Amino acid sequence: MTFFGRIFKILLVLVICLFIVSISDSQAEQVDIITIDGIINPVSADFIVQSINRAEKDGSECLIMELDTPGGLVESTRIIVKKMLAADVPVIVFVTPSGARAASAGTFITIASHIAAMAPGTHIGAAHPVTIQGEQDEKSTMFKKIENDMAAYIKGIAKEKNRNVEWAEKAVRESVSITADEALKKNIIDLICRDLNDLLEKINGKKVKVKDREVTLKTAGAEINRIEMNYRQKFFDVISNPNIAYLLMTIGMLGLFFELKSPGLIFPGVVGVISLILAFYGLQTLPINYAGLALIVFGIFLFVLELYVASYGLLTTGGIISFILGSMMLIDTPYPFLQVSLKIIIPVAMSFAAVFVFLLGAVIKAHRAKVKTGFEGMIGNNAVAETDILKEGKIYIHGELWNAKSDEKIAKGETVKIIGREGMVFKVRKINEGEE
């Protein structure tokens, strides 16, 4: 072989090696990451399902869910768990940062993951069932059915993922909670990690079962791809917050009141209807107590009634009490994260009261104001005697001539004050010295 032939072969081998390296670099592993921080509701369920679909489509090594939740709704939890169990990509749940929790619905989601990790200082548990029917009597047959169903559900998930079935059942039936260290010892989670980098390092090379196949994770040096909620999901997630839904409901009621009180304003009516529709969307997944809703409506009725009945503040006081009690009862659940905060209820109630007290003051002021039109509007005004007035005569006021009478003699051209009327005749008197 000639010298140039050897050189050509060496160059060809180098080109092939460079091509292989470039291909391997272009196919670097990718890890998708999402953050769930808040209540598990239909919006977060939709976001998680879409994120799993995207990770599968992109061929990602895994989907990491950074989780911090006080819990949420049963149906939303079922949708998430069902998708996780059927996923074609490993789903890793990481309860983070320190101080975070995977409570209630978060417990189901964590146990259903292919790999469960927690940061130091986090906790998991208290998976007592919450439904849209609200708090149930623990001795009732319906409550027992729900509890037994959820206990069997979490036991099935734990068994499928080789986790502690006995503790999982206690989390539902007894609402037990444990720390990250205890969860690791009890085989509830797989890892304790300081942060995301620590998690990626510890799961690298780890084998996980995804459906009927075994997958070896390659997360060292993987490209991080954070998936965010789209604007639609963010918007509906915000209005699904009980406090926001409550505010929208009160704004809607106030808007409709002003539109009905002053038809034709349009703006309050439009804002009111839109706010009520959004409020109903946010409240549809929450355990609404209709007695509480009735008290809120009754409170607003009392505020409105104060404008028409002189109760010296009794109706307003009753309205405030009814509104606050109704607001506190509106969400029928023992779980604080699903209830409307008192920090929202009291300012809203006081604002409602202030608005109607202001309107009441305006009504009272209008009733006490001097009439400025018609016959009554002329009484107290000055006029000019158009003729001599002795018993009867004529006066000139506002460009018009009127019949007038007086108990004293008034000369033509003198200024007089109208002090009353009898039928179509005004009673007048002379202007005293120094009087305007």
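**Close-up views of a predicted model**

**View 1. Helices α10 and α11 are roughly antiparallel to each other (an angle over 145 degrees).** In this predicted model, local features need pLDDT of at least 70 and side-chain atom pairs count only at pLDDT 80 or more, while totals for chains, interfaces and linings use all residues. Residues are numbered from 1 along each chain as its sequence is written, and side-chain values use heavy atoms, with hydrogens and water left out. Helix α10 spans residues 242-261 and α11 residues 267-283; they pack at an angle of about 150 degrees, their axes 7 Å apart. Axes are lines fitted to C-alpha atoms, for helices over the stretch in contact, and angles run from 0 to 180 degrees between N-to-C directions. Helices are DSSP runs of H or I with at least four residues, strands runs of E with at least two, numbered from the N terminus.

**View 2. Residues at the contact of α10 with α11 (heavy atoms within 4.5 Å).** From α10, the contact includes L248, I251, M253, L256 and F258. Among their counterparts in α11 are F267, V271, V273, L276 and L278. By class, the contact has 15 nonpolar, six polar and one charged residues, with Ala, Val, Leu, Ile, Met, Phe, Trp, Tyr, Cys and Pro taken as nonpolar, Asp, Glu, Lys and Arg as charged, and the others, Gly among them, as polar.

**View 3. An open sheet of three strands in the order β4-β6-β7, with mixed pairing (at least two DSSP bridges between two strands).** The edges are β4 (101-103) and β7 (177-179), each with a single partner strand, so one side of each lacks a neighbour in the sheet. Neighbouring strands are turned by 15 degrees against each other on average, direction ignored.

**View 4. Strands β4 and β6 (residues 123-125) run parallel, joined by three bridges.** A103 has G125 in β6 as its bridge partner.

Notes
Angles under 35 degrees count as roughly parallel, over 145 as roughly antiparallel, 65 to 115 as roughly perpendicular and the rest as oblique.
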